[in-house]
Amino acid sequence: MISIESLQFAYPQDGFSLQIPAFSVPAGQKLAVIGPSGSGKTTLLNLIAGIYRPDTGHIQVAGAPVHELSDAGRRDFRITHIGFVFQDFELLDYLSVLDNILHPYRITRALKLTAGVRQRACELAGQMGIGDKLQRHAGELSQGEKQRAAICRALLPQPKLILADEATGNLDPDNKLHILDLLFDAVDQHGATLLAVTHDHELLPRFDRVVDFHDFRQPA
Amino acid sequence: MIDSLYIAWKYVTFNKVKTTILVTSITLIAFLPLALQVLLNASEQQLRARAGETPLLVGARGSALDLVMNSLYFSDNVSQLISMRAAEQIDDSGLAVSIPLYVRFHARGFPVVGTSLDYFDFRRLEIKQGRMLAMLGECVIGADVAERLGLGANDSLISSPENLFDIAGVYPLKMKVTGVLARSHSADDAAVFVDTRTAWVMQGLGHGHEDVTRTRDSSVVLQRNERNVTANAKLLHYTEISEANLGSFHFHGDEKDHPLTAVISLPQDTKSATLLRGHYLEDKQYQITRPDDVIDSLMENIFRIKSVIDAVIVIVGFATVLTLLLVFVLSLRLRQGEIDTIFRIGCSRMTVARLLAAEILIIAVVSAGLCAALLWLVQANSNELVRSLILR
């Protein structure tokens, strides 16, 4: 699913650089990436998602050479092939839960918002246990409910790859395990690959594979 | 674009306070100068129309503007009065027909206009309900007076004392409303019309009281002889003129010396008008004026003031736009997280710009709609607004 070779990337401002000689994730794998803060975990997610372009090297996701795509191509690829789950959920308070889930469809032409998509959004929300809260504003939800809505938003376009950046970081211990279970179930159900950045070592045994990110980091 | 408008609509309706403040600010800054322009246009139209219909005005020397405003709009008071003799002089000259005006008193906040029946023909005022004035103590009222006071034919209306200290002098006169005028969309709608003699009764120049020769109350009579009866203040003065007591009403002194505020002069032709104006040119007591000229001069001053107000509005508008810009920039900063998120999801910068543009568009459209609705209201009621705000 993900294949990285000879990747080099540096932030021009602070001199931070990242070098990954080789890294791959097979399709369907649930991979946890750990490492200290500032080690470049989020940078890696942004490179894989095509938000950043590497200075040198190759990144292939689902067979597509992300590093070669144009800005518009990377955006279209990202929104159709990659689902993002953030630590702070990043829901829009002024939209209802349903509108938040459908949001990617409203901000790009690469996805078409149809009645079928709406139906699937409702079903997905039902599976996540927030089916009765679709018309509420996002701000009215609990933390756990917010993250469920955020997972629904990430999964709705049926992406091949889910990138989760500290997705359970803001949840209490009970919610943390429950949300992770829901995320795993959804990933399995959709046949997706999960790459999750986490600081929580308690969760690591549940993943198929754990990569310590400290090995990649190259000091400036 | 529809999706952008949908998301933008959700944003502006969710942030009600912010949206309300923005919409109110934009609406006001657009509405105020436009409304001012509408009102000025309407007031100019009204002032010029009524002034144009009134060929010449004769009044006491002094402010021509006060004379015109008092005679045409029943607003300002004239400081000097003329007498009924002035009207007779005009009629006697054969150059013009005179219509006397005595605009000094009020009844429940509305000006009482003492005049002759010719005034109604001159202004093409028609009776909508009831009948025209026929005897002393009667009045006909304008459409606004009838509406606001809830009066109709056969009701009564009491004149107000000139001031609080007038209680020992001019008695309030209870007038019988004989008719209501059809709406004319002019100052006549908000006036109470009486005969000039009725106005003089209000002033105390004419009065009616019980017949002292026939009274049986001996405490009223101070002294009685074969030729004279002297009564004291206990003598009953009538405050209402009825058919029963009409005969007791009388005027002291020569009626030709009784006061008027102005005389409308309707010259036979242009030559007569010129001759009449020439006649008053050197007069030390009277002035004759063309209301058109006075209104021209007034409008010049008004437009000079308006240009200053316009400049102030432009500066305030510029400051408001800068403030709105600041609000918008600060709002963008607050929403930076949201913008980053949708960008990470896969949204282009162009779409982000389109979302923000849609929000601005919605706020601008709502403000424009509100402004248009308010302007329509002002335009629809401009005549009344001008009369109540400007021509008071």
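The legends below walk through several close-up views of this predicted model.

This is a predicted model, in which local features need pLDDT of at least 70 and side-chain atom pairs count only at pLDDT 80 or more, while totals for chains, interfaces and linings use all residues. Residues are numbered from 1 along each chain as its sequence is written, chains are lettered from A and ligands numbered from 1 in the order in which they are written, and side-chain values use heavy atoms, with hydrogens and water left out.

**View 1. The two domains of chain B.** Welcome to chain B, whose domain assignment gives domain 1 (2-46 + 298-390) and domain 2 (56-205 + 252-289); such bounds come from an automatic or database domain assignment. Five residues of domain 1 of chain B and nine residues of domain 2 of chain B take part in the contact, where contact means heavy atoms within 4.5 Å. Taken over C-alpha atoms, the centres of the two domains of chain B are 47 Å apart.

View 2. The interface has zero salt bridges, a salt bridge being a side-chain nitrogen of Lys or Arg within 4 Å of a carboxyl oxygen of Asp or Glu. Helix α12 (residues 382-390) of chain B gives the most to the domain 1 side, with three residues; helices (H or I, at least four residues) and strands (E, at least two) are DSSP runs, numbered from the N terminus.

**View 3. Chain B meets chain A.** This contact takes 20 residues from chain B and 23 residues from chain A. The two chains bury about 2,000 Å² between them, with 63% given by carbon and sulfur atoms. On the chain B side, Ile7(B), Arg344(B) and Ile345(B) lose the most area to chain A, together 35% of what that side buries.

View 4. Two salt bridges cross the interface of chain B and chain A. One of them pairs Asp3(B) with Arg106(A), their closest N and O atoms being 3.5 Å apart. Three helices of chain B, α1 (2-14), α10 (336-345) and α11 (349-380), each supply at least two residues of the side that touches chain A. The largest share, seven residues, comes from α10(B).

**View 5. A salt bridge between two helices of chain B.** Across all chains, the whole structure holds 29 salt bridges. Here, Arg48(B) forms one with Asp296(B), and the closest N and O atoms are 2.2 Å apart. Arg48(B) lies in helix α2 (residues 16-53) of chain B and Asp296(B) in helix α9 (residues 291-334) of chain B, so the pair ties together parts that are 248 residues apart in sequence. Arg48(B) counts as partly exposed at 30% relative accessibility, and Asp296(B) counts as partly exposed at 33%. For these words, buried means under 20% relative accessible area, exposed over 50%, and partly exposed in between (1.4 Å probe, protein chains only).

View 6. The side chains of Asp254(B) and Arg85(B) meet in a salt bridge (4.0 Å, N to O). Asp254(B) sits in the loop between β13 (249-251) and β14 (259-260) of chain B and Arg85(B) in helix α4 (residues 84-93) of chain B, so this pair ties together parts that are 169 residues apart in sequence. Asp257(B) also forms a salt bridge with Arg85(B), with the closest N and O atoms 2.5 Å apart. This second pair links distant parts of the chain too: Asp257(B) belongs to the loop between β13 and β14 of chain B, 172 residues from Arg85(B) in helix α4. Arg85(B) is partly exposed, with a relative accessible area of 32%. Asp254(B) is partly exposed at 40%, and Asp257(B) is partly exposed at 46%.

**View 7. A salt-bridge network in chain B.** Salt bridges that share partners join Asp144(B), Glu147(B), Arg148(B), Arg183(B) and Asp189(B) into one network.

How values were computed
Buried area is the accessible area (1.4 Å probe) that two parts lose on being put together, summed over both.
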